[in-house]
Amino acid sequence: MTETTIRRFGQGPLSRASALVYTLLVVELLVLVTTVPGLIGLVLLDRDAANVPLAAACALPAGPALSAALYALHHRRLDLTDLHPATVFWRGYRMNVRGVVKLWIPLLAWLTVLGSTLANFGAAGVPGWWAILLVLIALAAALWGANALVITSLFAFRARDVARLAAYFLFSSPRVALADACLFVVAAGVTLVASEAALTLLASVFAAALLLNSRPLIAQVTEKFTVQGDSPEGPRDDS
């Protein structure tokens, strides 16, 4: 009887909600721990065009941290009596860090070029519509990065295959891209109104939202690009 009561307590709706909140809090704490050097740099930097490359360098730790957060949230337990989010986070961090860095660094480099160009747009002497084009290119790059982050966090693909799949799903899953674009607008709003630190304090919530947006993508990758019966979350095979 006692065992049944404990099982019901751990599996009820309120317990599941509590488990989610606990997981989000633990993941948030670990994201802060793994990004604190870059976060300190971002907070200290002035919002000046000349600091765009430095801001990108400070954002380097965010890639592996977000990947680990996605992995931990994807594998979270619903039973309040069986929660190990920290263990799952660190497992995801170790598994994903190499694959994420291979994609995260080129993405940041490309966004740095676009950001620096936009910040100094007046000195370029080009038509105004170029600014709109650059913003659209930056948005497409960010959406590609979101897809790549989700795929490399949850599936055992090589880096070049992740890059191709991320580009493929930009067009094959427009709803995912639109939902992620809305999420980016909210993130940009939080950063402008408050600061980068405030956005980091909501990292686990944004990771959960990104994971929720990406459910159609995850389902399609599992169905079309993995061997049926095999686990898509195995160790990485990067090259």
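Good morning, colleagues. Please bear in mind that what we are viewing is a predicted model.

The largest nonpolar core has 49 residues, and F89 and I151 are the ones that touch the most other members. At least two residues each are supplied by α2 (13-44), α4, α5, α6, α7 (159-172), α8 (174-193), α10 (203-213) and α11 (215-225). Helix α6 gives the largest share, nine residues. As for I151, once neighbours within four places in sequence are set aside, its contacts are F157, V162, L165, A166, F169 and L217.

Let us turn to A68, which lies in helix α4, spanning residues 62-74. Is A68 buried or exposed? Its relative accessible area is 0%, so A68 is buried. Beyond its neighbours within four places in sequence, A68 is in contact with F89, G92, Y93 and N96. Between A68 and L149 there are 9.9 Å in space, C-alpha to C-alpha, although 81 residues separate them in sequence.

Finally, the surface. Here W110, V113, W129, W130, L133 and I137 make up a nonpolar patch, whose accessible area together is about 570 Å². The elements contributing two or more residues to the patch are α5 (85-119) and α6 (129-154). Which of them gives the largest share? That is α6, with four residues. W110, by contrast, belongs to helix α5. With a relative accessible area of 42%, W110 falls between the limits of 20% and 50%, and therefore W110 counts as partly exposed.

To close, helix α6 provides the largest share of the core and also of the surface patch. Thank you for your attention.

Note on methods. Residues numbered from 1 in each chain as written. Predicted model: local features only at pLDDT ≥ 70, side-chain atom pairs only at ≥ 80, totals over all residues. Heavy atoms only, no water. Buried < 20%, exposed > 50% of the residue type's maximum accessible area, 1.4 Å probe, protein only. Contact = heavy atoms within 4.5 Å. Patch = residues over 30% accessible without salt bridge, like charges linked within 9 Å, V, L, I, M, F, W, Y side chains within 5 Å. Areas by Shrake-Rupley, 256 points an atom, 1.4 Å probe, with all protein chains shown as cover. Salt bridge = Lys/Arg side-chain N within 4 Å of Asp/Glu carboxyl O. Core = buried A, V, L, I, M, F, W, Y, C linked by side-chain atoms within 4.5 Å.
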